[in-house]
Amino acid sequence: MDLLTITEHTAKTGDHRTFYLAAGPETGPLLIFVHGWPELSLSWRHQLPIFGAMGFRAIAPDLRGYGRSTVYSRHEDYAQERIVGDMIGLLDHLGAERAVFIGHDWGSPVVWNVASHHPERCHGVVSLCVPYYTLERGLEPALDLVDRSIYPEEDFPAGQWDYQLYYQENFDGARRFFEANPYNTVKLLLRRGDPAQKGQPTFTAAVRKEGGWFEGAAEAPDMPRDDAVLTEADLRSYAEALSRNGFFGPDSYYMNHAANAEYAAKAANGGVLQMPVLFISAEYDYVCECNDSRFADPMREYCKDLTFHTLQSGHWVAQEKPRELNAALSGWLATKVPGVWPREL
């Protein structure tokens, strides 16, 4: 078997279908990589073959509403409790008692919730960009942690999280903007981080004031593709999936803050995580800024075995800095979760 080969699979849980990519030996220790908005299992293309070659069984699902997984037509079908159910169903399908769960962006609340509601199913948990005890508990915890030295309340009442309120106030408008040209949308969004923007308000802080994304533009502007993050083939794969499914599902992840807060309140052990945790902070991700603000403070209190690692990257860490991420992740696995390190292939 070529351990570098990525294969395609489908898991069925009741009426739900989860498409997933896999690499590595079927008997290897399980790593489950969970993507965010508006991505795909493809987002982990730089991780799956590397960890598969190490002897792990590396898995990356398309979340519900994305790619070749089931698409639903109601906002409530994209609440965290249901998505966590998909992940537990996937784990059962794989015949595994436990896995290490790795999440990014909206995949981070998913893996945090798996860890906090089903700790017996987790060897450890890893998050890129989104710290624990924040967005998986709804939007209010994030609003309380806004850096008011950058976002004065009189000018930016919701700070960098203004765009999330725009979804709630004008969901159809946000969806139309992205769907008008998914190719340009992805090309615009998936870009490397810019060190020069440090300490400045990010564009997500003025979406409502400007009447929508980019001053109420009808569609995403045509920007050059950033080849530091994705190839033309990658871009077309994202755009094709988003053109086929639309943005209702991906955008609905932002429409369940109240339900997600209620679900988070039911976490085991009062929400305290005892298993090993790795958090990857992206220094040039100014929406999820964790190095100079208080955004990561609750995580430090609620994670009892936390490793905090910073990479010089923008938001799309796994695609912009794959080598550095793979090194940080493999080092943590070897030293903090040594019981899951693969035996001889």
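Residues are numbered from 1 along each chain as its sequence is written. In this predicted model, local features need pLDDT of at least 70 and side-chain atom pairs count only at pLDDT 80 or more, while totals for chains, interfaces and linings use all residues; side-chain values use heavy atoms, with hydrogens and water left out.

Start with strand S7, residues 277–282. Helices (H or I, at least four residues) and strands (E, at least two) are DSSP runs, numbered from the N terminus. Six of the six residues of S7 are buried. Buried means under 20% relative accessible area, exposed means over 50%, and partly exposed lies in between, with a 1.4 Å probe and protein chains only. Both faces of S7 are covered. Val-277, Phe-279 and Ser-281 are buried on one side, and Leu-278, Ile-280 and Ala-282 on the other.

S7 has pairing partners; two strands pair if DSSP finds at least two bridges between them. Strand S6 (residues 122–128) pairs with S7 in the parallel sense, over four bridges. Here Ser-127 stands opposite Phe-279. Strand S8 (residues 306–311) also pairs with S7 in the parallel sense, over six bridges. There Ser-281 stands opposite Thr-310.

Next, the rings. A pair of aromatic rings is described by the distance of the centres and the angle of the planes. Rings of Phe, Tyr and Trp (its six-membered ring) pair if their centres lie within 6.5 Å; planes under 30 degrees apart count as stacked, over 60 as edge-to-face and the rest as tilted. The whole structure holds 30 aromatic pairs. One of them joins Tyr-163 and Tyr-167: the ring centres are 6.4 Å apart and the planes stand at 70°, so the pair is edge-to-face. The two tyrosines are separated by about one helical turn, because they are four residues apart in helix H5. Both Tyr-163 and Tyr-167 are buried.

Phe-156 has a charged neighbour. The charged end of Lys-209 sits over the Phe-156 ring, 5.2 Å from its centre. Such a contact requires NZ of Lys or CZ of Arg within 6 Å of the ring centre and within 35 degrees of the ring normal.

Helix H5 (162–169) leads on to the largest pocket. On a 1 Å grid over the protein atoms alone, a pocket is an open set of points with protein on both sides within 12 Å along at least five of seven lines; a cavity is a set where a 1.4 Å probe fits but cannot get out; lining residues have an atom within 4 Å of a point. The largest pocket holds about 900 Å³ of space. Its lining has 35 residues, and those closest to its centre are Leu-189, Thr-202, Phe-203, Thr-204 and Val-287. H5, helix H7 (182–189) and helix H8 (213–216) each give two or more residues to this lining. H5 gives the largest share, three residues. By class, 21 lining residues are nonpolar, eight polar and six charged.

What of enclosed space? A search of the whole structure finds one cavity of 30 Å³ or more. The largest cavity holds about 50 Å³. Among its lining residues are His-35, Trp-44, His-104 and Trp-316. Helix H13 (residues 317–320) supplies the largest share of the lining, three residues.

Finish at helix H11 (residues 257–264), where Glu-262 is found. Glu-262 counts as exposed because its relative accessibility is 56%. Its C-alpha atom lies 9.7 Å from that of Glu-81, 181 residues apart along the chain.

Technical notes:
Points joined across faces, edges and corners; volume = space filled by probe spheres on them. Nonpolar A, V, L, I, M, F, W, Y, C, P; charged D, E, K, R; others polar.
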